Amino acid sequence: MVQNVAGMLAELEAEDFHLLSGVEQGMRFSEWVAREKIPEFSRLTPEEVDYRLDRCLDRELIERKTIQYEGYRLKFEGYDALALHTFAERESIEGFGAPLGVGKESDVYEVQSYKPLALKYHREGYTNFREVMKERDYTSDREHVSWFYTARKAAEREYDALEALYPDVKVPRPIDHNRHAIVMEKIDGVELSRTKLEDEQVVPILDLILAEMGDAYEKGYVHADMSEYNVFVNTEGITIFDWPQATPTDHENADEFLERDVDNVVGYFRRKYPRLVPDDVDTAALASALAAGEFETVREYGSGE
Ligand SMILES: Nc1ncnc2c1ncn2[C@@H]1O[C@H](COP(=O)(O)OP(=O)(O)OP(=O)(O)O)[C@@H](O)[C@H]1O
Ligand SMILES: [Mg+2]
C-alpha cells in the first residue's frame, strides 16, 4: 500500500530532492535510469549520488533493478515527496493531516495552510500499469513511464477544469497544482451516497445538482463521471468534485457524456427515493435542456405518476 510520505519530509535534505528529481528527469528517457547517468541529471557528484541513492532506497522513495545495467526509478512515494516538497516551498502547504479519502484512483489528505485544505494525489494508470507489467518483460519502456504520465495528465485535467469552473460552479476552489497532485479547498460535508434526505429536500437537491451540471456546461465542461460518490452535501448546498474526466463541451462525445451523467444522477435519486422522483424522467430531453441553459426542475421531464 502507498504510504504517506509527509512524515518523512522533514528528514529529507535538499540533496535528496536533487537526487529524486534527477531520477525523475532520467525517467523521461528510460524506465530505469542508469546509475552512471544520475550525477548528470541530479547535478550531484558520483559520491553524493551513491549516498543519496542509499538514503532514498531505505525510505522506499525509489527502487533498483539490475537488468543489463543497474537502474533506478521513482516509486510513487518518491513522486509524492517531490510534489509535496514543491508545495511546501511555494508555501501552498504548511502542515500535513489525516486522510480524507483513499480511492482506487487517488489518495486525498487534509493539509494545513491559512486554513485546512485538501491534497489529492492522482494514481490513475498505476493499477493498470501493474497488470500490464506482469505480462511483459520490463525492458519495454513505454508502458512504465506512462503511469507517471497518466497520473500527471489526470491532475492537470482536473486542475484546469476546477480553474475554469470556480466560482461559477460549486466545485472546490483550486489552490495549487504540481506533477500528479492538486491542492484545493477542503469541503466539509457528506457524500451524497451517505445522506438520507428529508422528503421535502429530495427534489430541490436533485434540481440543484442538475443545475450545477448545466452551469458547468455553460462554462465549457461536462463532468463525465457523475455519481452519488462525487457530490458533497452540506447545509450550504452541494459541491461537485472529482473532475479529472471532465470533457470540453466541444468534444464530439460531450452530449452523450452529459446524458449519461444525467442518467446516473436521476437514476440514483429514483432508486433511493422512488416515491418522490418521477419514474419516467425523459433524461435525453433533460440533458438537452441543461445544455441549452433552459433547465428548471426535474418535475418538468416526468409525470411522477
Ligand atoms: N476537496 C475535498 N475536500 C474534502 N474531501 C475530499 C475532497 N476531494 C476529495 N475528497 C475525499 O476523497 C475521496 C476521493 O476523492 P475523489 O472522488 O476526488 O477521488 P477518486 O479517485 O474518484 O476516488 P474514488 O475512486 O474513491 O471515487 C472523496 O470521496 C472524498 O471523500
Ligand atoms: Mg470519486
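The following dialogue concerns a predicted model of a protein with a ligand.

Visitor: Why is ligand 1 said to lie between domain 1 and domain 2?

Guide: Domain 1 (6–185) and domain 2 (190–301) both give residues to the shell around ligand 1, so the ligand lies between them.

Visitor: What makes a residue part of that shell, and which residues come nearest?

Guide: The C-beta atom of the residue, placed from the backbone, must lie within 6 Å of the molecule. There are 19 residues around ligand 1, and Gly101, Gly103, Glu105, Ser106 and Asp242 come nearest. The strands β4 (95–102), β5 (106–112), β6 (116–122) and β8 (181–185) each supply at least two residues of this shell. By class, the shell has eight nonpolar, four polar and seven charged residues.

Visitor: Why are β1 and β2 called edge strands of their sheet?

Guide: That open sheet has three strands in the order β1-β3-β2, with antiparallel pairing. Each of β1 (33–34) and β2 (62–66) has a single partner strand, so one side of each is left without a neighbour in the sheet.

Visitor: How do you know that β2 and β3 pair?

Guide: Pairing requires at least two bridges between the strands.

Visitor: What makes a residue count as buried, and what percentage of the protein does so?

Guide: A buried residue has 20 or more other C-beta atoms within 10 Å of its own. Of the 305 residues of the protein, 39% count as buried.

Notes:
Residues numbered from 1 in each chain as written. Chains lettered and ligands numbered in written order. Predicted model: local features only at pLDDT ≥ 70, side-chain atom pairs only at ≥ 80, totals over all residues. Helix = DSSP H or I, 4+ residues; strand = E, 2+ residues; numbered from the N terminus. Nonpolar A, V, L, I, M, F, W, Y, C, P; charged D, E, K, R; others polar. Domains from an automatic or database assignment. Buried ≥ 20, exposed ≤ 12 C-beta atoms within 10 Å, placed from the backbone.
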